[in-house]
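Subject: Structure handover

Hello,

Here is the structure for you to look through. Please open it first, then read my notes below.

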Amino acid sequence: MNLASYADLAVDLVNTRRDQEDDLRDLEGLRTLLSHRPHLGGRIAHRELDAMRALRDQLRAIIVAAARGNEDEAVERINTLLIHHPVHPQLARHDGQGWHLHFNESGSIPDRYAARTAMGLAAEIAAEGVGRFGLCKAEGCGRVFLDTTANRSRRYCSERCAGRGGVTAACGPSAPRVTVPARDGGQ
């Protein structure tokens, strides 16, 4: 289990809100967010939507603190999430793989999401420090990202923002998310 990979969940959730736009304005928005993560899905209601919005605010505060170099604040906020959303790992074997760790699938969607993101953020900070978290430098964007470049040089949330040099419209909901396959590439 690569715990640091769960930090991407935090980035994805935080980036559902941009200025006046909110991808979590309704249950369909939450379904869309979870559609690529069947292990986090399930029956959702308005209470899950409200809880995910609150979690989004908490995660944004963590990433902003980290991006600004405030390690103590970021860690304190992560530890608070870990206390409120404890992780329950279990051994699993499936798809021809040997025994490996999985997170327990019990609990509400927001609780499972929070536990995984808290573990991912904690693992990322433990392994790489807070210098991997960033805020897009494009004017008016506000999206967050994990900088996986070797020299920690990434400044924008997407190639579109980097190429347009700060044009606000570049960071709308259609802006492509930059996915870096390994810890040695990126923009």
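Asp22 counts as buried because its relative accessibility is 14%. Buried means under 20% relative accessible area, exposed means over 50%, and partly exposed is in between (1.4 Å probe, protein chains only). Asp22 lies in strand β2, residues 21–22. Helices (H or I, at least four residues) and strands (E, at least two) are DSSP runs, numbered from the N terminus.

A word on the source. This is a predicted model, where local features need pLDDT of at least 70 and side-chain atom pairs count only at pLDDT 80 or more, while totals for chains, interfaces and linings use all residues. Residues are numbered from 1 along each chain as its sequence is written, and side-chain values use heavy atoms, with hydrogens and water left out.

Back to Asp22. Which residues does Asp22 touch, leaving aside neighbours within four places in sequence? They are Thr16, Arg17, Arg53 and Arg56. Contact means heavy atoms within 4.5 Å. A polar atom of the Asp22 side chain also sits 2.8 Å from the backbone nitrogen of Leu24.

Now the salt bridges. The structure holds eleven. A salt bridge is a side-chain nitrogen of Lys or Arg within 4 Å of a carboxyl oxygen of Asp or Glu. In general, side chains of opposite charge can pair when their charged atoms come close.

- Asp22 pairs with Arg17, and their closest N and O atoms are 3.3 Å apart. Arg17 is partly exposed, because its relative accessible area is 40%.
- Glu48 pairs with Arg47, with the closest N and O atoms 3.6 Å apart. Glu48 is buried, at a relative accessible area of 9%. Arg47 counts as exposed, at 64% relative accessibility.
- Arg53 and Asp50 form a salt bridge at 3.4 Å, N to O. Both lie in helix α3, three residues apart, about one turn of the helix. Arg53 is partly exposed at 24%, and Asp50 is partly exposed at 43%.

Salt bridges that share partners also join Arg17, Asp22 and Arg56 into one network.

Next, the overall layout. The chain has six helices and six strands. Along the sequence they follow the pattern α-β-β-α-α-α-β-β-α-β-β-α. Of the 187 residues in the chain, 43% are buried. Take the contacts with a separation of 6 or more: residues 24 or more positions apart account for 56% of them. The accessible surface comes to about 9,900 Å², and 49% of it belongs to carbon and sulfur atoms. Accessible areas come from the Shrake-Rupley method with a 1.4 Å probe; for residues, only the protein chains shown count as cover.

What about the inside? In soluble globular proteins, nonpolar side chains tend to be buried together. A nonpolar core is a set of buried Ala, Val, Leu, Ile, Met, Phe, Trp, Tyr and Cys residues joined through side-chain atoms within 4.5 Å. The largest one here has 38 residues. Those with the most contacts inside it include Leu13, Leu30, Met52 and Tyr113. Seven elements each supply at least two residues of this core: α1, α2, α3, α4, α5, β5 and β6. The largest share, nine residues, comes from α3. A second, separate core of six residues includes Cys136, Cys141, Cys157 and Cys161.

Last, the surface and the loops. Leu91, Trp99 and Leu101 make a nonpolar surface patch of about 360 Å². Patches are made of residues with over 30% relative accessible area and no salt bridge: like charges are joined within 9 Å, nonpolar side chains (Val, Leu, Ile, Met, Phe, Trp, Tyr) within 5 Å. Trp99 sits in the loop between β3 (89–92) and β4 (100–103). Trp99 counts as exposed, at 55% relative accessibility.

Asp95 is in the loop between β3 and β4. Asp95 has a positive phi of about 50°, although it is not a glycine. Asp95 is exposed, with a relative accessible area of 69%. Arg152 has a positive phi of about 55° and is not a glycine either. Arg152 is found in the loop between β6 and α6.

Best wishes

Key: A polar contact is a pair of N or O atoms within 3.5 Å; within protein, one must be able to donate a hydrogen and the other to accept it, and residues adjacent in sequence count only if both atoms are side-chain atoms.
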